[in-house]
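Me: I am new to this structure. Please show it, and then I will ask about its parts.

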Amino acid sequence: MSNYHIKSFDEYYHVYRKSVREPENFWEEVAEEHFLWRKKWDKVLSWDFNKPEIKWFENAKLNITENCIDRHLHIRSDKTAILWEPNDPNEPAEHITYKDLYHRVNKFANVLKSQGIQKGDRVCIYLPMIPELAVAVLACARIGAIHSVVFAGFSSTALATRINDSTCKMVITSDGSYRGSKSIDLKGIVDAALEDCPGVASVLVVKRIDSEINMKEGRDQWVQPLLDEASDICTPEIMDAEDPLFILYTSGSTGRPKGMLHTTGGYMVYTAYTFKNVFQYREDDVYWCTADVGWITGHSYIIYGPLANGATTVMFEGVPSYPDSGRFWEIVQKHKVNQFYTAPTAIRALAKEDVGLVEKYDLSSLKVLGSVGEPINEEAWHWYDNHVGKKKCPIVDTWWQTETGGIMVSPIPFVTPTKPTYATLPMPGIQPALMDENGEEVKGNQVDGRLCIKFPWPGMARSVWGDHQRFKDTYFSAFENKYFTGDGALRDEVGYYRITGRVDDVIIVSGHNLGTAPIEDAINEHPAVAESAIVGFPHDVKGNALYGYVMLKDIGEYRDRDNLRKEINQQISDKIGPIAKLDKIQFVSGLPKTRSGKIMRRILRKIASKDTANLGDTSTLLNPDVVEKIMEDVLV
Ligand code: WT7
């Protein structure tokens, strides 16, 4: 029996038990069965969650692009690796075979080298969903440069912060991007960011929208002429299993984003293994994940996981609503997609549209449907099941995080019976624990608690770039000897997990992980603002939307409140990006605080979600009168 591809529920339990009893043997067998190692490891695992230090496949040597590309050349050289679907349905799709990908990645890698990029250097990639994004990511990995992809919806300030945090030497971008009927001036955003980034020596620019842009002499170059000159052979850099592969930023409880650091060997094994099992991928399937490569979902399940399995992975440039809200289904029909992986927010938005837009298309190719990024509510689950899956496609509700590198809790389709709103069971190798307020593990079923993981897994992040202490404080300090996820969860009568949401200061809006602190910082920079607090409140499409309580310095001064609201949102848009804009802004005369000066968000959350019948314990409030006032003035 192979550990790699689980085909029955009995087999799941067998494999799972083995993975808990003998984790090292389990992962060693997976790693040996399916990958190309230049040298095998001396030791499968060493770990210490107190330091924390986690090492998988110590001293093994490999290059992940050899596993994702070269290894497939003799059997799959003409198979489509990346199937790119452009924003405009009238523009032809691009079928990039494994052989094409090999040449394109090698050329790009040689261009990076010619620009002085070496192993260990950080390269920031700020690109739309075009093939060059995947090519640039893989080109970095080919030469051992550490990629830091920044989602191309982030503002210039957010981009600059990320570039500087990891001292990137180079930025790869494009002249612009298409999003539905709009085009966006990406190069302009990069130019603005680079005014504050003295460490960036060069900028490579991909041509996408043919706009007039500014090219700074000595810094900026069009990439195409360099690619034309470059050799299409590039010997892969041989990396240690624990050498860094990439940095990806996620928000946290302070204004500074956390650069999660992922390494090479374990990440490869984990994303490949989970991809194969969670999507039950078969050789000729066409797989599509609608995420952006700017998020971890795109790293692990558009690029690395699928390519490590020799899969055909669809990459879509556009948005679900352009030219109309049938676009996803049109693409499924056009490319005969077999596995479709998207976010609950997209499902909820599309479920609001005329169902004829789904029924119009032939979706019979679909076998497996996936969901990721936030809890999927019952209504959205059933709509997905009925109208997209026609009740014959299992829905895999996959719970995981930027920090976990890959899927942690999920049904295995055709193996694990699904249950709406439940992510169900842990993947092999994953040992969840629910913890109570006193730091004790809650055993047994029909219980809830804070979700932790008790044992390392190969895909987990190894550090926060430049701030290992923060890695320890955030993830390994709340509960002794455990990784703390920041989520709450419950375990039902058969042991299935349901993720109930964040228990910290992170709010998930449309599947995007937003920290309250950076948004509050952005608002507080407005000259009229004294202080602010952000909370989430339920929203029927976004899952959560943001509600801001804003205290002005001088209430009398600003008479035009609507204009001030616009200015505050513009401020957020400039500092972070449009995804962090507030849906509601209430001006208040004060914020409820504890005697130690902490804002009592719990109360503000209740007011924002109109759940004020029982505000809970308010005895530690310093200023109860403020709460009364906020409730009186609450926005309708
Ligand atoms: C947070 C991580 C995983 C890639 C995309 C988001 C929430 C994620 C689910 C799910 C309920 C989920 C959690 C988690 N989340 N998937 N299936 N059910 N909640 O990555 O931006 O790092 O966010 O997203 O709260 O902690 P991320």
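This is a predicted model: local features need pLDDT of at least 70, side-chain atom pairs count only at pLDDT 80 or more; totals for chains, interfaces and linings use all residues.

Me: Which classes of residue make up the contact of α5 with α6?
Reply: Ala, Val, Leu, Ile, Met, Phe, Trp, Tyr, Cys and Pro count as nonpolar, Asp, Glu, Lys and Arg as charged, and the others, Gly among them, as polar. The contact of α5 with α6 has no polar residues, 3 charged and 10 nonpolar.

Me: At what angle do the axes of α5 and α6 cross?
Reply: Helices (H or I, at least four residues) and strands (E, at least two) are DSSP runs, numbered from the N terminus. Axes are lines fitted to C-alpha atoms, for helices over the stretch in contact, and angles run from 0 to 180 degrees between N-to-C directions. Helix α5 covers residues 98-114 and helix α6 residues 131-143; their axes come within 8 Å and cross at roughly 65°.

Me: Which element gives the most to the shell around the ligand?
Reply: The shell has 22 residues, the closest being P375, Q401, T402, I499 and N513. Two or more residues come from each of α11 (296-308), β20 (395-398), β25 (483-491) and β26 (497-502). With 3 residues, the element that gives the most is β25.

Me: In which loop is N481?
Reply: Most residues other than glycine have a negative phi, and most peptide bonds are trans. N481 is not a glycine, yet its phi is positive, about 60°. Its place is the loop between α16 (468-475) and β25.

Me: What is omega for the cis peptide bond that joins Y322 and P323?
Reply: P323 is in the loop between β17 (312-316) and α12 (327-335). The bond from Y322 to P323 is cis, with omega of about -5°.

Me: Where is P52?
Reply: A cis peptide bond joins P52 to K51, with omega of about -20°. P52 is in the loop between β1 (43-48) and β2 (53-58).

Technical notes:
Residues are numbered from 1 along each chain as its sequence is written. A residue is near a molecule or strand if its C-beta atom, placed from the backbone, lies within 6 Å of it.
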